[in-house]
Amino acid sequence: MSYLMNTNEILQTIRMIDQQHLDVRTITLGVDLLDCAADSAELCAGRIYDKICRLARDLVPTGEAIEREFGIPIVNKRLSVTPMALVGAACRDEDLVRLALAMDAAAREVGVNYIGGFSALVHKGYSQSDRKLIRSIPRALAETERVCASVNVGSTRSGINMDAVAEMGRIIKETARLTADRDGLGCSKLVVFCNAVEDNPFMAGAFHGVGEAECAVNVGVSGPGVVYEALKECAGMPFDAVAETIKRTAFKVTRMGQLVAREASARLGVPFGIVDLSLAPTPVKGDSVARILEAMGLEVCGTHGTTAALAVLNDAVKKGGVMASSHVGGLSGAFIPVSEDEGMIAAAREGTLTIDKLEAMTCVCSVGLDMIAVPGDTPAETLSAILADEAAIGMINNKTTAVRLIPAPGKTAGDTVEIGGLFGEAPVMEVHKASSAEFVARGGRIPAPLHSLRN
Amino acid sequence: MKAIVSVYARDAKGITAYVTGLLAQEDINILDISQTLMQEYFTMIMLVDLADCPLPFDALSRMLQERGREKSLAVHIQRQDIFDAMHRI
């Protein structure tokens, strides 16, 4: 194909990468581990380690080569694996921490920074193995560095497993306690889902679902900074122009992700799975979703109008992105992780952005109450009630919701939790003092909503 | 393979000659070239064909960066596909 060099386009791309933090957030290699099953955790762990090392050996060097040739930063190379409660179902051992250690060792060996899939899907009920896995989560997260855990407690089709919701409140508290020396860091690697997706490339909630192929390349793009810069040109214009501008920008960002995904898939000899169209912020200045919302005319993110602004952003990102990629999947929407977003941190510190407003915002975006630090003495029942609220939003609205809460040991509202790196720092947010204990103690299942009966 | 070479530097004499000289040494053909001054900064963009270049892409990229740095130039090379993907449907 003949190519006409367009200097403006080239400079625009270079500016996006150099000045506006455009990057591919992650190339995540999904690996099926069902064939690693064994009746002892020791044997299973050995197989897990061997298989991951064999299939993911080239992931990091390939990602780095693509970075250099295309001049696009690929911030993370990661792995997602089959939910470990399934892989470890045949193990007779009482706890499954051994499997997490194998995941961690394999991740270190192949050089990825995170591996997701220490997971259980209990939206309708527990298997024996699910119970063992969930009980192993606090220790698994305390004793490993790179392993991420997730539990799906509800779905539109099956309702919400309130026994699991109650238990996860306690598991989050225990995870915080075991990592208290690091401000409860373990909790930043634990996600509680409703309607979890099987092809999510983003941590901490990534796992490789059972409907997936043996191996798949999933790519998560990013680019809040690019959208923000584009919106600065739209000052005073009506929302039609705002939505149009976001769509155009999202299209370009996603095309880049698609190119990287295709290239990685070809070089690794692994099928291309999906591109996830999420706008994922980082704590770096100029890479914030909150600042995009403010660029639409809000003085501070979290004030009245924020939910509507986020709805515009989220929908336009999808509309722009969907045409740019042959397969879109994962979570695909704007993320609002408080600790990972410089503008959200500022808004929370200032007191305008509260946990209640964040909950409202999760009705119109992916994913949920993400990376929110709460006081260390928050009762487990209150955490569970927050999980239940968020799961209900997901269940009723037929969307994925997730919760990542950090009940930071010894901290109270107004303090700061330093998590570091991409996870940033989280201002500890106030939660309601009134008890939800009796509500959570009921257990059982919240029935699936009427619109689950579609057949 | 086609690639885009971009050069940024404070304006000075001989920048174009120096960079195109480096490319010629590696048997690289320049298909299109554009240069401009933005404020006092010199910006040059070239579309090049690497078909006859003996160096692997990585080594070429490193060489251009290092030799650029010697003259205080920021020289980058990126595969053309990225610009194509972003701006063409």
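This is a predicted model: local features need pLDDT of at least 70, side-chain atom pairs count only at pLDDT 80 or more; totals for chains, interfaces and linings use all residues.
Chain A is split into two domains: domain 1 covers 27-194 and domain 2 covers 218-432. Their C-alpha centres lie 22 Å apart. Where the two meet, 38 residues of domain 1 of chain A are in contact with 39 residues of domain 2 of chain A. On the domain 1 side, the elements that give two or more residues are the strands β1 (24-31), β4 (147-155), β5 (159-161) and β6 (190-194), together with the helices α3 (59-70) and α7 (162-178), of chain A. Of these, α7(A) gives the most, with 10 residues. Sorted by class, this side of domain 1 of chain A holds 22 nonpolar, 11 polar and five charged residues.

The largest nonpolar core has 184 residues. Within this core, the residues with the most contacts are I48(A), L99(A), M103(A), V153(A) and V260(A). Setting aside neighbours within four places in sequence, M103(A) is in contact with I48(A), V81(A), I115(A), F118(A) and V147(A). Which element gives the most residues to the core? That is α9(A), with 11 residues. Where does the core lie in relation to the two domains of chain A? Domain 1 (27-194) and domain 2 (218-432) of chain A both give residues to the core, so the core lies between them.

One helix can be followed in detail. Helix α8 of chain A runs over residues 224-232, and eight of its nine residues are buried, so the helix is largely enclosed by the rest of the structure. The buried residues are P224(A), G225(A), V226(A), V227(A), Y228(A), E229(A), A230(A) and L231(A). A residue counts as buried here if 20 or more other C-beta atoms lie within 10 Å of its own. What do the buried residues of α8(A) pack against? Their partners are α1, α9 and α10 (289-295) of chain A.

The last part is the contact between the chains. Chain A brings 18 residues to this contact, and chain B brings 21 residues. On the side of chain A that touches chain B, α1 (7-18), α3 and α9 (239-268) of chain A each supply at least two residues. By class, that side of chain A has eight nonpolar, five polar and five charged residues.

Helix α3 of chain A supplies residues to the side that touches domain 2 and to the side that touches chain B. Helix α9 of chain A supplies residues to the core and to the side that touches chain B.

Conventions: Residues are numbered from 1 along each chain as its sequence is written. Chains are lettered from A and ligands numbered from 1 in the order in which they are written. Domain bounds come from an automatic or database domain assignment. Two residues are in contact if their C-beta atoms, placed from the backbone, lie within 7 Å. Helices (H or I, at least four residues) and strands (E, at least two) are DSSP runs, numbered from the N terminus. Ala, Val, Leu, Ile, Met, Phe, Trp, Tyr, Cys and Pro count as nonpolar, Asp, Glu, Lys and Arg as charged, and the others, Gly among them, as polar. A residue is buried if 20 or more other C-beta atoms lie within 10 Å of its own, exposed if 12 or fewer, and partly exposed in between; C-beta atoms are placed from the backbone. A nonpolar core is a set of buried Ala, Val, Leu, Ile, Met, Phe, Trp, Tyr and Cys residues joined through C-beta atoms within 7 Å.
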